[in-house]
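Work through the exercises below with the sequence and the model at hand, and try each task before reading its solution.

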2 protein chains.
Amino acid sequence: MHDESSNQPGQSGQAAEPGNPARRNFMKTSALASLAGAAGLALAACGRNGEHAGVDGDEHEDKRRHEKGEHAAASDHVPPGQLDEYYGFWSGGQSGEVRLVGVPSMRELMRIPVFNPDFTIGWGVTNESKRVLGPNFPPGGDCHHPHMSQTDGHYDGRYIFINDKAHTRVARIRCDVMRTDRITEVPNVQAIHGLRVQRAPRTGYVFANGEFLVPAPNDGRDLEDPKKYQTMFSALDGDTMEVAWQVLVDGNLDNTEADYAGKYAISTCYNSEGGMDLPSTMQAERDWAVVFDIARIEAAVKKGDFKTIGDSKVPVLDGRHGSSFTLYIPIPKNPHGINASPDGKYVVANGKLSPTVTVMEWSRIDDWFAGKLKDPRDTVVAEPELGLGPLHTAYDGRGNGYTTLFIDSQIAKWNIADAIAAHDGKKVNYLRQKIDVAYQPGHCHTSMGETRDADGKWLVSLNKFSKDRFLPTGPLHPDNDQLIDISGETMKLVADGPVYAEPHDVILLHRRLLIDKVKKSWERDDPFFAETVAMAKRHGVNVLSDSKVIREGRKVFVYMTSAAPIFGLGSFKVKKGDEVTVVVTNIDAVEDVSHGFCIVNYGINMEISPGATASATFTADKAGVFWYYCTFFCHAMHMEMSGRMLVEA
Amino acid sequence: MHDESSNQPGQSGQAAEPGNPARRNFMKTSALASLAGAAGLALAACGRNGEHAGVDGDEHEDKRRHEKGEHAAASDHVPPGQLDEYYGFWSGGQSGEVRLVGVPSMRELMRIPVFNPDFTIGWGVTNESKRVLGPNFPPGGDCHHPHMSQTDGHYDGRYIFINDKAHTRVARIRCDVMRTDRITEVPNVQAIHGLRVQRAPRTGYVFANGEFLVPAPNDGRDLEDPKKYQTMFSALDGDTMEVAWQVLVDGNLDNTEADYAGKYAISTCYNSEGGMDLPSTMQAERDWAVVFDIARIEAAVKKGDFKTIGDSKVPVLDGRHGSSFTLYIPIPKNPHGINASPDGKYVVANGKLSPTVTVMEWSRIDDWFAGKLKDPRDTVVAEPELGLGPLHTAYDGRGNGYTTLFIDSQIAKWNIADAIAAHDGKKVNYLRQKIDVAYQPGHCHTSMGETRDADGKWLVSLNKFSKDRFLPTGPLHPDNDQLIDISGETMKLVADGPVYAEPHDVILLHRRLLIDKVKKSWERDDPFFAETVAMAKRHGVNVLSDSKVIREGRKVFVYMTSAAPIFGLGSFKVKKGDEVTVVVTNIDAVEDVSHGFCIVNYGINMEISPGATASATFTADKAGVFWYYCTFFCHAMHMEMSGRMLVEA
């Protein structure tokens, strides 16, 4: 389906020439070239990108600009000692973490363990992290969509929220310390996929899609009766991280989005058929997006117009077809991403198996809920055809959308106003440019592009395949997150970014929003370790000065300070079988002087950054001498920073 | 101790001017500036770098070159679609992983889980990974020193070996598939720190230092009698990964190294005093390096001149002072790194608390073992003074050493021949240049620098602190691995590289050594999943074509293929309490089309790259419908690639 030799429109500076490393060997052997794939399925009929009437004009425009030498690409180069201009929060996908990346350098600045045990900081080892992870936490998570809390449509620098599809959870990261502080398991549904935040008046709600259809309660009943399966849209309270309410819907849910006025959320549904296998999910030419009217839902909750399921106390409302607080808007076909434009006017659903994106106007959604429209499709103001496999759209704040075309391996830049004019029958070309990406893009994201402050400087295309863009890494390849300069009229590819699987989504925010809010050391009254400090207080221990051992029956509490290059205790003694809790407080007041505390052969490691207290509890199940040592190189005599746990037989 | 305003010699293009971001705020608040630190310890007396007689000459030479504009720095920029020239294998430190990094772009190409559970590929989840990790594997590891197998002093592309200090283990990574295939727990010692490979005739042995002194056996005896504590030097067989022999030594061991002839290994000792606390480890002005004569050790093993300890069958030889197969060479003071020069002639111990490095000549070590020398110090041919806190030395293959100065936050370039001449009393300047790094370097490594093929192009300085070199990331800061061009006469800083804690060490090898050896898909007869395929065969299942369920009592075996976008089974049914083994085989023959298999709310995720078979075993302890889905975005209909596990109550 993909012809290397075809004359592709709108490519700026990276033509698909044979031997051009920009497209090296692409698709020659790729099964993806055939959407029909192993299953022998038919694809929704749609034109090839070269066949779009509007493209030729764009090609000429691009050529003209190119000839005039307009807009040299910005650079990803950040000289030594200089700071990146943007923070990127990258989903870590199946790794279960969130990654902090500098943009434009694309350097990974920090990993933030979320759902993943991480020995580096003792995530899953320390008591402080176990309080967040909960008892019997699973071995990981599958993160997709990181989004920052907002106030009036602006990033407010408080929290990042992220989903776990693998274990039906939502987590929150504190941006002041860049650490996960809450994880909530969402009841009554299975697999949280789409996740977004309420933009106004503030976050407020965190919206979370339950993807898969399951019986309710899912306790073994109705296994073989899929007609009784169901799923829900959930709203968490971003402050308490409790689930505020859930809305039963028709069809399973994919991605979600919120408006800029604080009135609506909207989710795509890729399986309106309620199918249980692949062919049946592709029967309908149109699935839908479902809009949730928040005020009406809150009113219904207040009125008690809900039920609960099983042990859960979460109010569950019925938002299926016929409900007064939902609106089902037919969208072609198996739509995936959904993205609100930063002018606050539109929201775009991306067709996936249709070559189109569907533009809806929020004011028309107002009209529908006010009873002024008869047909849900009357909320649609444009449905531009962009190419094969449109998945997600980002915005530049100048009226343009940038849509990833998974199958075409391109990003299409298009103008919203022109698309609406074309939909109205005017003869205008809404397509501005297409640029090749390498390869198969999923999400794309623009700098500040999901807020009122969209600044149209950078776009990141998160490509699922890298093929031969990097040195071979074995059967598992990195993804390729490409950086594209969108500050001028034409998109310019700036850098390839290899990444460990699989950063579905990112957000890019200007450093001004965070740089002064991020703490460089812990404050002593931080809630993250307050429970541990309170325990010390009950033991009469001042963790800032005391290094001592307290025994309560078979429980032993070992308190010590750390200050480079010495732990407050050079040794301590316990008995085999004791339950031991070690509490270490870093009293170095110096930025960047983190300590670690590792007990050899005991599976214990904790990171203790300046000002922090960390603790771990374990059973001393092996007799002998076990050294503990500092794992963060803190001093010229770091190697000598150690001590002995003596476990009596 | 560190004066920002002082005129520091040899800095090329990055003067310590106020406000210069290259040294922004450095040391103003750093406790590291005071080596005395919290413990109030005295530092071995040593000159400031500006006081070295030889430096002025170097400064003039550097100035001359600078004025002539010689040697513009090479770039870290690798344009989109171009490949890096070097593979870097980066230790992941406390993360427990190894990272594959492209150089000069410094982009992380791939993570290789080693000691760390990793949900991305199901490391710690799949049966195949559990066979490597062993039963009851700990929650992580602390990696330090990755080294590639060699043949005749050249990298041979077979394996990477790496230590786990936290759990006294050594792991091996297969470079053809970039996956860990063996992990060995080393008996009789505690905390494997230093690790190197036998260079000739081949690897052969993997040498591993036991760092901490413990009783033997360490079962609760002699807890309070440190005089009875001991440690050992271990040699693993790189082919079988079994421990071949161990040598009891005096003092605990730090780093290790091997010669180019295959005759010796040598380890530094930072605690010849056998101290149990910090002050006592600093009593002696000289500690030592201990040399191991491999042929004599092998002969002793053959002769049966060894004992065994406890349950371990590993031969333990006595190599303490007086042994015929060890040589203790006094080295000032608490020496840390030890590095053999690529000409095969010298080995350099780095003084840490002494401003010197100690150069020993292998041929003189030959002489000593042949009885031709009386004083072990006669093996020393130079002891150049370089600056404060020398930790590790790397080589350019042109006769120069590059030594990290932890306390000075610099790298000193010096000439080996000139240092030897100076030691002989000649008035020569061995110092070539010092360059500031940011900040506190530990290891440094040059391209191909630990082989006969040292090519003197790149040096990476692994700095423990980044302070304010990057956007704030919270109390925990990234390390900063800086890339330095050493291809010309003067070192040039090219890039800052933020990294997640804590890559102690790296190796850099030219891509020509690996690019054709790395497999882009799995071969069906790969040993990594051979046991799983054999199980299928016993069940009469052809994993490449069969998707079926086999029940044996309460054990259920679920075999299915995966081919984008469909699993071979759309659903399967088990009973609550069954032990379920799911085996998935990726029959997509297409490079980069990896699949994932995740069961929601069951803690299961596996990566199945092209050609692979992966399996996981778990108890179906919850009744209900549980969807499984593909976690690696593989196709336009990836979202629809799912199925149901029906668990009957």
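**Exercise 1: Aromatic pairs**

Over all chains of this predicted model, the count comes to 46 aromatic pairs, where rings of Phe, Tyr and Trp (its six-membered ring) pair if their centres lie within 6.5 Å, and planes under 30 degrees apart count as stacked, over 60 as edge-to-face and the rest as tilted. Local features need pLDDT of at least 70, side-chain atom pairs count only at pLDDT 80 or more, while totals for chains, interfaces and linings use all residues; side-chain values use heavy atoms, with hydrogens and water left out. Residues are numbered from 1 along each chain as its sequence is written, and chains are lettered from A, with ligands numbered from 1, in the order in which they are written.

*Task.* Classify the pair formed by the rings of Phe567(A) and Phe597(A), and state which parts of the chain the pair ties together.

*Solution.* Begin with the geometry: the ring centres of Phe567(A) and Phe597(A) are 5.5 Å apart and the planes stand at 85 degrees, so the pair is edge-to-face. Then place the residues: Phe567(A) belongs to strand 33 (residues 566–567) of chain A and Phe597(A) to strand 36 (residues 595–599) of chain A, so parts that are 30 residues apart in sequence are tied together. Strands here are DSSP runs (E, at least two residues), numbered from the N terminus.

**Exercise 2: The interface**

*Task.* Describe the interface of chain A and chain B by its contacts, buried area and polar links.

*Solution.* First, 150 residues of chain A are in contact with 150 residues of chain B, contact meaning heavy atoms within 4.5 Å. Next, the two chains bury about 12,500 Å² between them, 63% of it on carbon and sulfur atoms; this is the accessible area (1.4 Å probe) lost on being put together, summed over both. Finally, there are eight salt bridges between chain A and chain B, each a side-chain nitrogen of Lys or Arg within 4 Å of a carboxyl oxygen of Asp or Glu. The side chains of Lys573(A) and Glu224(B) form a salt bridge at 2.2 Å, N to O. On the side of chain A that touches chain B, strand 3 (residues 107–113) of chain A gives the most, with six residues.

**Exercise 3: Symmetry**

*Task.* What relation superposes chain A on chain B?

*Solution.* A rotation of 180 degrees with 0.0 Å of shift along its axis superposes chain A on chain B, with RMSD 0.0 Å, by least squares on the C-alpha atoms of residues with pLDDT of at least 70 in both. That is the relation of a two-fold axis. The same surface serves both copies, since 100% of the contact residues of chain A recur in chain B.

Technical notes. A polar contact is a pair of N or O atoms within 3.5 Å; within protein, one must be able to donate a hydrogen and the other to accept it, and residues adjacent in sequence count only if both atoms are side-chain atoms. Helices (H or I, at least four residues) and strands (E, at least two) are DSSP runs, numbered from the N terminus.
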